[in-house]
Amino acid sequence: MKQFAIRRILYTIPVLLGILVVTFVIARLIPGDPCTAALGERATQSACNAFNKRMGLDKPIYVQLGIYMADVLRGDFGNSIRFHRPVSTLLLEKLPVTIELGVIALLLATIIGIPAGILSAVRRNSTTDVVTMVAANVGVSMPVYWLGLMLQYLFAILLKDTFLWLEPGKRLSAGLSSIPFYKAWGLGISTTSALYPAVEFISNFFLFNSVITFDFVVLGDALKHLILPSLALSTIPMAIIARITRSSMLEVLSQDYIRTARAKGLVERMVVLKHALRNALLPVVTILGLQAGTLFAGAVLTESIFSLAGVGRSLFDAITGRDFPVIQGFTVVIAIGYVAVNLVVDISYAYIDPRIKLE
Amino acid sequence: MAIRKRKPNGSAPILEVRNLTTYFYTEDGVVKAVDGVDFFVRHGEVLGLVGESGCGKSITSLSILRLIDRPGEIVAGEVVFEGDDLLKKPMADMVDIRGDRISMIFQQPKSSLNPVFTIGDQIVEVFEIHEQADKEAAWEKAVGLLRLVGIADPESKAHTYPHQLSGGQAQRVMIAMAMALQPELLIADEPTTALDVTIQAQILDLIRELNEATGTAVILITHDLGLIAEMADRVAVMYAGRIVEEVEVETLFKQALHPYTQGLIDSIPVLGAVKERLNTIPGGVPNLIDLPPGCRFAPRCRAREEYGLSICTEVEPSLAEAKPGHKVRCWLYEDHSGHDAPLKPREAKARKKDRP
Amino acid sequence: MTSIPEAAALPAASLRSNSLLRLTLRRLTRQRNARVGLTILISLILVAAFAPLIAPYEPNRDLIGIEPVTQRQKPCIHLLGCPADQPQHIMGIDANYRDVFSRVVYGTRVSLMVGFTTIGMAILVGTLLGAVAGYAGGWADNVIMRFMDVLLAFPGFLLAIAIITVLGRGLQNALYAIAIVNIPHFARVVRASVLSIKEQEFVAATRALGASDTRILFLRILPNALPPLIVQGTLGIAGAILEAAALSFLGIGAQPPTPEWGTMLGTERNQVFTAPHLVFFPGIAIMITVLAFNLLGDGLRDAMDPRLAQVSKPR
């Protein structure tokens, strides 16, 4: 088991190096002079020389790659051209928004997707099955941003003046603000403190922050604002999870050990929930990691529709604004995060499936 | 091939299967896997159910426990167990019988155990289902059972997962699970087919010991007549979804009546005997969707041609007592006056061509 | 029970794929999902082919001064009670006084083109890489597949965005980006097929007869890798159309005035509260198109899966 985990971790190292090389290459391939991009079109030759020297751009390409890797390892992604702030600070600020949205969406997708898949498999070819699978097929084919816009129209316009009305965007209602826990607790951490980025990062998880500060008004309001974006974002993963659960469940239900469980005298409900489900969930767990990718793509679109200042929206703004350090830094961090999520999923898979331990 | 000594017969049947009919409704048509099967099992006896693969013997056994899944369905018949028709019982009562009064072991022992639970847990579960036993006592009993079925070091083996066992060990675990509550009837569906020859003998010995020690009746399903000779008291021979012969095991080997059974016995290789080639039955099992009219064995039957019976391809014979205690489904032993007409020579010739 | 002889026992690959093709088509037409998918797809292809006949207007025709239309005018359907004296625009008018229905019809051409060309490119390159990796093995395999692993380490959409950043925005570059993102999937599929088939007997027999490596690869192995490729390709088209539309929605794919559904949606997204029809119809068009390929892909997968053929038959 430990061996498996170690081997799996070692295997990700070349992949991580590959990610760094690819992002480095992409950054160098971006058309345009980094100097004029950073200093503006009218930068003088001498100013540019100085800039290139300062940024190490005059050194051989492999040295630049080395410097870049070292910088990334230190968490230094350079400064945003547009905001003149470190990319890492921007990331710490934006990540919580996206993670919060993604986690809620994935929870929603799992809580609804798995039971729907089980029900579909157990009642194969029934009306329930047909309706669920039609919905799932439509779900995977749904443009997330279109669904988001339609949900906004439905809840903000059509349901206006009803109790179902929901604000089409933002994290909190106007007039409300989430008080960071370190301020609420009077910890007095200044903006220059070494701890500041960390506590700021944590307090930016509004749900978590409002729970630990017992601010249930903010908690409720934040949740209410998360309903529409997380619903839109969860559609595709939900549909995929439902479909995988169904097909995996059908496969498991035809296995010999299910027949054994029935022959033992287990009631059908227990056969499904105890003997079949645990086996059927194994393939579902493996695709959860891949859903992180789907969720990210969805987050770029969802955040831009619901005016949420998350990683996806910032990345998109950076692309429109040609803010290359931000694009590069965000891309690296998201790719590493994606690899990490899949690593965790694979290792936890090994914990669930006893057959992997021996290998 | 040692023929096993018979138990005194005359005791009442514990299970009686009457006109059991199980069909599978597939895209290609209705597969008549079990089509009007009748047999019975006496208390404490070992009944062998023998036939080629695909003849419906496994489906018969699954039908007894009502373990048939869609697209299969038990269409007709009665399965009378200790006076009650199991097919008429509500599912809740049926579930109580499974694993407690009738239990079952299968052909693929390794895949018949759930890969994500330890074997100890899987045995304990039987006690939990039927006895609401407390976990610790049940675990002790499970370890005891593992020891009983000959698993070495049962205390630690109970904590292992099925993939860590050999096929033989897995089948022992399955037997332990099946025998946990000392059922009145054990259905063993090809219990040794997937195992090595040496392991086969050990598993058969175990089943026989348990049969003798506990008085559990056994239905042994196999395609191997050698096994039947060693294990069974009585035999039912199945062909294409029907019982074609049913008799005490000694009589079967001395004087089989049905041409199919005779063919099966002839095709057993005899140690020491030098034959130019093994006698085999020509042709294969008929398509269970599109069955031949008349006797289902007729297209492969040599006796039919030797005796020039044309009724065989037209009307199906019934399972009738040819001699006391010896039932057979064949026109050779049934009165077919009024039906019979000699085979036309051309037809006979054409049929011969089909033979390999 | 009669058992069908193993297809692998047949000597020639062509013979095998031929019978597999017929079997697949037969099973495919039996499936409701696949039938629905195929019907929608054929209709879409017809719409794309006959767009000039179906669309009442040119997709970029500015109707101001020609008809009494207003900006972002709501749909006018005569059958649903729109006065007969008003010109019919069943999906309304957009911000530039163009007929939305005509644009949606022409959009079919763009989306189908996007789907087929991107996945075509990805299959071409992916097959080549996968076949070389699988057949050659050794360092070539290692280099190619590790690079594919790195590409797969990025969420696909992120990688596509990054590539467009390099190449510059526009539909053509979006096509390249999506093609590149999809290459690893096909390389993996082909490599796996090649590896499993490489060792089978008929390949050894062909080699014994003195066939060259290239000949073996192209005539014997690749036809056998086709079934999983077709399945992956069909589902890939669905994904590609969805991704291309999303990139266009963000403004980095197809550029106005191209009648592309994602672009149409993206340019009017801020009008969703006042003119929802401008967002609604292009979105529905994307969904239906993607759904068709998804249904067809699933159907093909089920139809080509030999395991499913045996399901529902008793032992």
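How many residues of chain A are in contact with chain B, and how many does chain B bring? In this predicted model, 19 residues of chain A are in contact with 25 residues of chain B. On the chain A side, helix 12 (256–264), helix 13 (268–305) and helix 16 (355–358) each put in at least two residues. Helix 12 of chain A gives the most, with eight residues. Sorted by class, this side of chain A has seven nonpolar, five polar and seven charged residues.

Now turn to where chain A meets chain C. Here the contact takes 35 residues from chain A and 34 residues from chain C. Several helices of chain A give two or more residues to this side: helix 1 (2–29), helix 6 (127–140), helix 7 (144–158), helix 13, helix 14 (311–320) and helix 15 (324–352). The class make-up of the side of chain A that touches chain C is 29 nonpolar, six polar and no charged residues. Helix 13 of chain A is worth a look from both directions, as it supplies residues to the side that touches chain B and to the side that touches chain C.

Next, step inside chain B and follow its strands. Strand 1 (residues 13–26) of chain B runs antiparallel to strand 4 (residues 72–81) of chain B, and eight bridges join them. In this pairing, B:Leu15 stands opposite B:Phe81 in strand 4. Strand 4 of chain B also pairs with strand 5 (residues 84–85) of chain B, again in the antiparallel sense, over two bridges. There, B:Val80 stands opposite B:Asp85 in strand 5. Strands 4 and 5 of chain B form a hairpin with two residues between them. In that turn sits B:Glu82, with a positive phi of about 50 degrees.

Conventions:
Residues numbered from 1 in each chain as written. Chains lettered and ligands numbered in written order. Predicted model: local features only at pLDDT ≥ 70, side-chain atom pairs only at ≥ 80, totals over all residues. Contact = placed C-beta atoms within 7 Å. Helix = DSSP H or I, 4+ residues; strand = E, 2+ residues; numbered from the N terminus. Nonpolar A, V, L, I, M, F, W, Y, C, P; charged D, E, K, R; others polar. Pairing = 2+ DSSP bridges.
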